[in-house]
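What follows is a walk through one protein model, from its overall make-up to a few individual side chains. Keep the sequence and the structure at hand while reading.

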Amino acid sequence: MKIGFVGFGNMASAMADGWIAAGVAASDMCACAGRYDALVERCEARGMVACHDAAEVVAASDIVVAAVKPYMIEKVFAPLKDALAKKVVLSVAWTWDSAKWEQVLPGVAHISTVPNTPVSVGEGVIACEKASTLNDEQRAVVLDLLGKLGAVVELDTSCCLWAARWVVALRRLSPWQSRPWAMRRSSTVSRVRMLIAL
């Protein structure tokens with residue numbers, strides 16, 4: 001299974017680190033980013049392959065992690081629609097749900113998620129939209145892959161974004177970061193589920 005990152009900022013790097021720590025071969029991962037020289041350094045440090053552009057990443061990957069800024073998605077991904085026909089797009093782009101992706105990549109397998117940075121050590125919480133265009137086999141593969149990074153919480157589209165905001169904000173609240181219970185993945189998941197039930 002080859003994984004490619006289109007965009008390699010903090011979140012994408014955290015996911016790559018988490019997968020490597022979980023036993024995914026770094027040589028099976030590649031990435032592209034705006035600053036190629038800096039990308040080469042970051043990829044080589046992990047044993048990953050640095051690509052010059054998104055088309056190169058797509059060609060080399062089975063699962064393409066969309067990790068560019070939301071305003072860049074249409075410009076970057078629309079021209080790659082045909083190349084993505086037999087791939088899976090795993091989006092970590094903020095506010096981009098399945099309906100938005102379908103407008104840009106109709107007929108392409110895609111799923112929207114919002115992870116938080118503790119995925120780098122396998123202690124993340126990944127909010128995953130239930131709605132997607134993945135078939136059952138693709139979804140099973142993606143959820144298994146995400147499970148290596150932490151706890152996956154599947155949510156309806158209507159509550160996915162606000163729950164995801166809460167998951168991410170929880171890790172950024174400095175008064176909580178000093179409390180051991182607040183750093184436990186199980187505590188975060190329980191609080192997300194509690195809020196969804198309200």
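Helices here are DSSP runs of type H or I with at least four residues, strands are E runs of at least two, and both are numbered from the N terminus. Counted in this way, the protein has nine helices and eight strands. The model is a predicted one. Of its 198 residues, 46% count as buried, and the exposed surface comes to about 9500 Å², of which carbon and sulfur atoms supply 54%. Among the contacts with a separation of 6 or more, 61% are between residues 24 or more positions apart.

Strands of a sheet pair through backbone hydrogen bonds, either parallel or antiparallel. In this protein eight strands form an open sheet with mixed pairing, in the order S3-S2-S1-S4-S5-S6-S7-S8. The edges are taken by S3 (49–50) and S8 (150–155); each has a single partner strand, so one side of each is left without a neighbour in the sheet. Helix H6 (residues 136–147) packs on the sheet and touches S1, S4 (63–66), S5 (88–91), S6 (109–114), S7 (124–129) and S8. The direction of H6 makes about 140° with that of S8. Within the sheet, S1 (residues 3–6) and S2 (residues 29–32) pair in the parallel sense over four bridges. Phe5 stands opposite Ala31 in S2.

Helix H1 covers residues 10–21. Its twelve residues should span 16 Å at 1.5 Å a residue, and the end C-alpha atoms are 16 Å apart, which agrees. An α-helix has 3.6 residues a turn, so residues three or four places apart point the same way. The buried residues of H1 are Ala12, Ser13, Ala14, Met15, Ala16, Gly18 and Trp19. These buried residues pack against S1, S2, helix H2 (36–46), S4, S5 and H6. After H1 comes Gly23, which has a positive phi near 105°. Trp19 also belongs to a cluster, in which ring pairs link Trp19 with Phe5 and Phe8.

That brings in the aromatic side chains. A pair of aromatic rings is described by the distance of the centres and the angle of the planes. With ring centres required to lie within 6.5 Å, the count comes to four aromatic pairs. In one of them, the rings of Phe77 and Trp101 have centres 5.3 Å apart and planes at 80°; an angle over 60 degrees counts as edge-to-face, so this pair is edge-to-face. The pair links distant parts of the chain, with Phe77 in helix H4 and Trp101 in helix H5 (residues 98–104), 24 residues apart. Both Phe77 and Trp101 are buried. Trp101 also forms an edge-to-face pair with Trp96, at 5.5 Å centre to centre and 65° between the planes. The relative accessible area is 0% for Trp101 and 14% for Trp96. Buried means under 20%, so Trp96 counts as buried.

Where does Leu80 lie? Leu80 is found in the loop between H4 (73–77) and S5. At 10% relative accessibility, Leu80 counts as buried. Leaving out residues up to four places away in sequence, Leu80 touches Ala54, Ala55 and Val58. Val58 is 22 residues from Leu80 along the chain, and their C-alpha atoms are separated by 8.1 Å.

Conventions:
Residues are numbered from 1 along each chain as its sequence is written. This is a predicted model: local features need pLDDT of at least 70, side-chain atom pairs count only at pLDDT 80 or more; totals for chains, interfaces and linings use all residues. Side-chain values use heavy atoms; hydrogens and water are left out. Two strands pair if DSSP finds at least two bridges between them. Contact means heavy atoms within 4.5 Å. Axes are lines fitted to C-alpha atoms, for helices over the stretch in contact, and angles run from 0 to 180 degrees between N-to-C directions. Buried means under 20% relative accessible area, exposed over 50%, partly exposed in between (1.4 Å probe, protein chains only). Accessible areas come from the Shrake-Rupley method with a 1.4 Å probe; for residues, only the protein chains shown count as cover. Rings of Phe, Tyr and Trp (its six-membered ring) pair if their centres lie within 6.5 Å; planes under 30 degrees apart count as stacked, over 60 as edge-to-face and the rest as tilted. The expected span of a helix is 1.5 Å times one less than its number of residues.
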